[in-house]
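This report goes with the structure shown below. Please look at the chain before reading on.

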Amino acid sequence: MYPDRVVSGMRPTGSMHLGHYHGALKNWIKMQSELPCLFFVADWHALTTHYDDPSVIERSTWDMLIDWLAAGIDPSQATLFIQSRVPEHAELHLLLSMATPLGWLERVPTYKDQIENLSNKDLATYGFLGYPLLQAADVLIYRASQVPVGDDQVPHIEMMREIARRFNHMYGKEKGFEEKAQEAVKKLGSKRAKLYNELRTEYQQDGKEEALEQAKAMLDDAQSLSMGDRERLFGYLEGSRKLILVEPQARLTAASRLPGLDGRKMSKSYGNSIALREDKASVEKKIRTMPTDPARVRRTDVGDPARCPVWQFHQVYSDAPTQEWVVKGCKSAGIGCIECKQPVIDAIVKEQEPMHERAQQYLDDPSLVRAIVADGNDAARKLALETMRDVREAMGLAYT
């Protein structure tokens with residue numbers, strides 16, 4: 001019914017590092033050439049944990065956008081925008097909160113995990129409890145079909161689907177819907193109308209998912225339908241209501257898990273990160289001083305790569321022959337730790353060279369970034385307003 005679309009965002013709470021690049025940005029860069037993508041700076045989300053000191057947010061917002069552009073996000077292929085510049089996110093969040101059961105928010109797995117992991121912060125706020133609902137609004141307002149996430153975020157996408165389904169069930173019923181839907185069926189033409197009714201019966205009576213998918217594909221190809229009739233027929237397939245909000249699918253992304261310099265998760269707060277645009281000399285110093293296998297006290301001591309944080313970097317950055325050289329040399333003490341680290345240094349420096357080059361034009365002229373984002377804000381808001389028009393009408397809030 002609606003075109004496929006990808007939506008994703010990041011919170012501006014500090015410097016971007018290589019963990020962000022390998023964990024998310026590389027996938028964004030790949031997806032931007034496959035489907036329409038909207039990538040946003042989630043500055044309102046940053047307030048859920050930084051509400052008491054928001055000074056980092058604005059600075060990090062513009063640094064993050066430059067990092068995205070430096071990494072290879074192409075504004076001619078993807079829409080880049082700032083969440084708070086599209087106020088309809090907040091409006092949809094408010095309206096969804098009126099009908100979302102409190103228990104749905106309390107059962108989100110990451111809620112309790114973060115409460116425990118961020119015990120130094122006072123997170124007993126609605127903003128923190130409600131952040132999955134704001135996430136849902138961020139996605140549903142663009143009627144996104146796909147959201148790139150890791151395994152830990154799948155429950156959030158499932159909740160988005162439940163929220164969209166609940167909204168459609170509560171507010172998607174229009175007066176005379178059945179009659180309007182049957183009139184829309186006739187507009188398909190006699191042959192397609194017959195097939196549509198057969199597939200609808202197979203799905204509703206026998207629960208055949210393939211019948212539902214076949215009917216949806218047929219509707220996608222029906223060029224003569226108006227948007228209103230198309231919405232009705234999609235809703236009529238599954239019940240007796242219009243589909244106002246789209247149920248997004250989780251797109252599980254293959255992420256290279258790059259650890260921090262000490263083997264833990266890479267994080268600025270741990271002091272174990274390499275920034276996305278780190279100075280070459282700093283990269284060399286950080287890698288050279290990385291801890292290694294504690295068994296290798298002397299150059300002649302044999303080691304085991306499995307116990308060494310540097311090996312985890314080799315698994316991301318080194319080819320098979322280099323990895324074989326590392327394993328053999330480490331276990332036989334044929335190479336020292338400094339020798340082992342050099343290919344990683346070279347690979348990171350090489351990876352970052354084009355990032356520095358792409359970033360320089362935006363550092364020299366910040367107005368370029370602001371122009372890109374202004375265009376992105378306008379494009380995103382146009383899509384958001386289309387959804388909110390239908391949402392307001394469905395909820396009886398369209399006072400026209």
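## Basis of the model

This is a predicted model, in which local features need pLDDT of at least 70 and side-chain atom pairs count only at pLDDT 80 or more, while totals for chains, interfaces and linings use all residues. Residues are numbered from 1 along each chain as its sequence is written, and side-chain values use heavy atoms, with hydrogens and water left out.

## Domains

The domain assignment divides the chain into domain 1 (4-170 + 245-255 + 364-393), domain 2 (175-236) and domain 3 (276-361). Such bounds come from an automatic or database domain assignment. Taken over C-alpha atoms, the centres of domain 2 and domain 3 are 58 Å apart.

## Strands 4 and 5

Helices (H or I, at least four residues) and strands (E, at least two) are DSSP runs, numbered from the N terminus. Strand 4 (residues 146-149) and strand 5 (residues 249-252) run parallel and are joined by four bridges; two strands pair if DSSP finds at least two bridges between them. Opposite Val149 stands Leu252 in strand 5.

In a regular strand the side chains alternate between the two faces of the sheet. Strand 4 is covered on both faces, with Gln146 and Pro148 buried on one side and Val147 and Val149 buried on the other. Buried means under 20% relative accessible area, exposed over 50%, and partly exposed in between (1.4 Å probe, protein chains only).

## Aromatic pairs and charges over rings

The structure holds seven aromatic pairs. Rings of Phe, Tyr and Trp (its six-membered ring) pair if their centres lie within 6.5 Å; planes under 30 degrees apart count as stacked, over 60 as edge-to-face and the rest as tilted. The pair of Trp28 and Phe39 is stacked, because the ring centres are 4.2 Å apart and the planes lie at 0 degrees. This pair links distant parts of the chain, with Trp28 in helix 1 (residues 18-31) and Phe39 in strand 2 (residues 37-41), 11 residues apart. Trp28 counts as buried at 2% relative accessibility, and Phe39 is buried at 0%.

Trp28 also forms an edge-to-face pair with Trp68, at 5.0 Å centre to centre and 75 degrees between the planes. Here helix 1 is linked to helix 3 (residues 55-71), which holds Trp68, and the two residues are 40 apart. Trp68 is buried, as is Trp28.

Two charged residues sit over rings elsewhere. The charged end of Arg166 is over the ring of Trp104, 5.7 Å from its centre, and Arg200 lies over the face of Tyr236, at 3.5 Å from the ring centre. The rule asks for NZ of Lys or CZ of Arg within 6 Å of the ring centre and within 35 degrees of the ring normal.

## Cavities and a pocket

On a 1 Å grid over the protein atoms alone, a cavity is a set of points where a 1.4 Å probe fits but cannot get out, and a pocket is an open set with protein on both sides within 12 Å along at least five of seven lines; lining residues have an atom within 4 Å of a point. Grid points are joined across faces, edges and corners, and a volume is the space filled by probe spheres set on the points.

There are two cavities of 30 Å³ or more. The largest cavity holds about 90 Å³. Its lining has 13 residues, and Cys308, Val326, Cys330, Cys337 and Cys340 are the closest to its centre. Helix 15 (309-317) gives the largest share of this lining, three residues.

The second largest pocket has a volume of about 800 Å³.
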